[in-house]
Amino acid sequence: MTVLNVNEKAYEIDASKDMPLLWALRDLLGLTGTKFGCGVAQCGACTVHLDGEAVRSCVTKIERAVGKRITTIEGLSPDSDHPLQKAWIEFDVPQCGYCQSGQIMSAAVLLRENPTPTDQDIDDAMAGNICRCGTYLRIRAAIHQAAKMQREGKKS
Amino acid sequence: MSNLFKKIASKKSGARIALAIIAISIFTASVGREVYFTKVSVVPKKDSVASVKAFMQVYEVLTHPRCMNCHPAGDIPLQGEDSHLHAMLPKRGVDGKGVYAMKCSNCHQPTNSPGLHTPPGNPNWHLPPADMKMIFQGKSPRELAKQLLDPATNSHKTHEQLIEHVSFDKLVVGGWSPGEGRELPPGTHKEFVAKFKTWIETGAYVPSADAKAPIKKNR
């Protein structure tokens with residue numbers, strides 16, 4: 001049996017150590033917010049946090065995740081009130097929505113490391129997350145808005 | 001010295017023992033000296049022709065995509081046998097390990113991912129850091145040799161540390177197990193290390209400005 005720490009809960013699963021983390025999250029734990037896109041770390045739809053870093057769970061084996069903190073879109077905030085989630089709603093960012101949980105997980109790392117990102121910083125951080133609907137401009141605007149909300153939240 | 005021995009030998013038996021000890025000491029010292037000189041004699045002599053010839057073979061390896069793709073002229077790594085810019089345009093970052101959500105190890109796992117066109121793996125995947133870029137791309141043999149030999153541009157390495165690096169660094173060695181569908185550098189890793197050592201040990205000569213990179217086939 002393997003124990004995974006996902007969204008601050010310990011889950012015991014019976015799976016091969018080389019199973020992709022994405023399969024364990026979706027098929028064994030039922031956390032389907034994280035999506036399967038390309039399966040080869042090219043699109044970013046499967047992005048989750050592993051000890052705070054935005055890994056591509058489709059190519060990350062379970063054995064790499066053992067003993068580390070895994071955070072999925074379901075665990076990003078207790079009540080879906082992360083500044084990014086609020087801004088995403090405010091700017092009506094998603095179109096089909098398939099890539100959006102990966103987009104938000106990547107953006108969350110950006111905002112943690114750089115509370116005042118420029119357009120270039122956003123492009124540098126988000127270049128690995130593809131959106132076939134082309135919502136990139138709304139994503140960029142929402143990240144700026146979330147950064148602002150994060151800064152104001154910290155002031156109050 | 002021989003007069004001293006005669007004086008000591010003419011005294012009592014205790015003195016004879018002392019003489020024996022001195023004699024053994026002299027014998028041991030001379031043997032030690034002999035071993036020392038033997039060791040020096042096996043160090044290769046300086047040989048500019050052999051040194052440059054070895055470096056040109058090292059150069060072929062260093063400018064092969066498996067090595068050069070992570071030693072780009074810009075701040076974006078290269079990819080593929082034609083060394084095009086890496087898809088998604090990940091950036092070097094300060095420490096060479098990427099930026100924000102685009103850190104190398106977010107996709108590059110500790111081992112190669114299975115299948116074609118999947119990320120190759122290594123426990124410490126990275127580019128050289130921003131303050132020591134160690135660019136291979138676009139360098140002539142002379143430029144690259146000079147860069148490798150200068151501690152100010154080779155990450156402060158001595159000749160011995162350079163040999164250690166090419167012999168054991170996991171990313172260097174990983175160039176010869178690059179994952180499915182990727183071309184290997186010319187020769188084996190063992191041959192590469194041997195040529196590198198020959199280059200250094202025969203004098204670490206830098207090729208002339210006329211030395212040209214060999215024409216590469218099928219790229």
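This is a predicted model: local features need pLDDT of at least 70, side-chain atom pairs count only at pLDDT 80 or more; totals for chains, interfaces and linings use all residues.
The predictor assigns the complex an ipTM of 0.96 and a pTM of 0.85. For chain B, the average pLDDT is 86. A score of at least 70 is reached by 78% of the residues of chain B. Residues 1-41 of chain B have a pLDDT below 50. Beyond near neighbours in sequence, this stretch has six contacts in the model.

Chain A contains six helices and five strands. Read from the N terminus, the order of elements in chain A is β-β-α-β-β-α-β-α-α-α-α. The radius of gyration of chain A is 15 Å. The globule rule gives 15 Å for 156 residues, so chain A is as compact as a globular protein of that length. Along the principal axes, the C-alpha atoms of chain A fill a box of roughly 45 × 35 × 20 Å. Buried residues make up 42% of the 156 residues of chain A. Contacts in chain A between residues at least 6 apart in sequence were also examined by separation. Of these contacts, 60% join residues at least 24 apart.

Helix H1 of chain A spans residues 21-28. Its buried residues are A:Leu21, A:Leu22, A:Ala24 and A:Leu25. The cover over these buried residues includes three strands of chain A, namely E1 (2-6), E2 (9-13) and E3 (47-50). Helix H2 (62-65) of chain A is also part of that cover. Just after H1(A), A:Gly30 adopts a positive phi of about 75°.

Strand E3(A), part of the cover over H1(A), also pairs with E4(A). The pairing is antiparallel and runs over four bridges. E3(A) and E4(A) form a hairpin, with two residues between the strands. In the turn, A:Asp51 has a positive phi of about 50°. Across the pair, A:Leu50 stands opposite A:Glu53 in E4(A).

The domain assignment divides chain A into domain 1 (2-75) and domain 2 (83-155). The C-alpha centres of domain 1 and domain 2 of chain A are 21 Å apart. The contact between them takes 14 residues from domain 1 of chain A and eleven residues from domain 2 of chain A. On the side of domain 1 of chain A that touches domain 2 of chain A, E3 and E4 of chain A each supply at least two residues. E3(A) gives the largest share of that side, three residues. By residue class, the side of domain 1 of chain A that touches domain 2 of chain A holds six nonpolar, six polar and two charged residues.

The contact between the chains draws 21 residues from chain A and 18 residues from chain B. On the side of chain A that touches chain B, two or more residues come from each of strand E4 (53-56), helix H4 (100-113) and helix H5 (119-126) of chain A. The residues on this side of chain A comprise ten nonpolar, five polar and six charged.

Conventions. Residues are numbered from 1 along each chain as its sequence is written. Chains are lettered from A and ligands numbered from 1 in the order in which they are written. Two residues are in contact if their C-beta atoms, placed from the backbone, lie within 7 Å. Ala, Val, Leu, Ile, Met, Phe, Trp, Tyr, Cys and Pro count as nonpolar, Asp, Glu, Lys and Arg as charged, and the others, Gly among them, as polar. The radius of gyration is taken over C-alpha atoms; the globule rule is 2.2 Å times the number of residues to the power 0.38. A residue is buried if 20 or more other C-beta atoms lie within 10 Å of its own, exposed if 12 or fewer, and partly exposed in between; C-beta atoms are placed from the backbone. Domain bounds come from an automatic or database domain assignment. pLDDT is the predictor's confidence in each residue, from 0 to 100. Two strands pair if DSSP finds at least two bridges between them.
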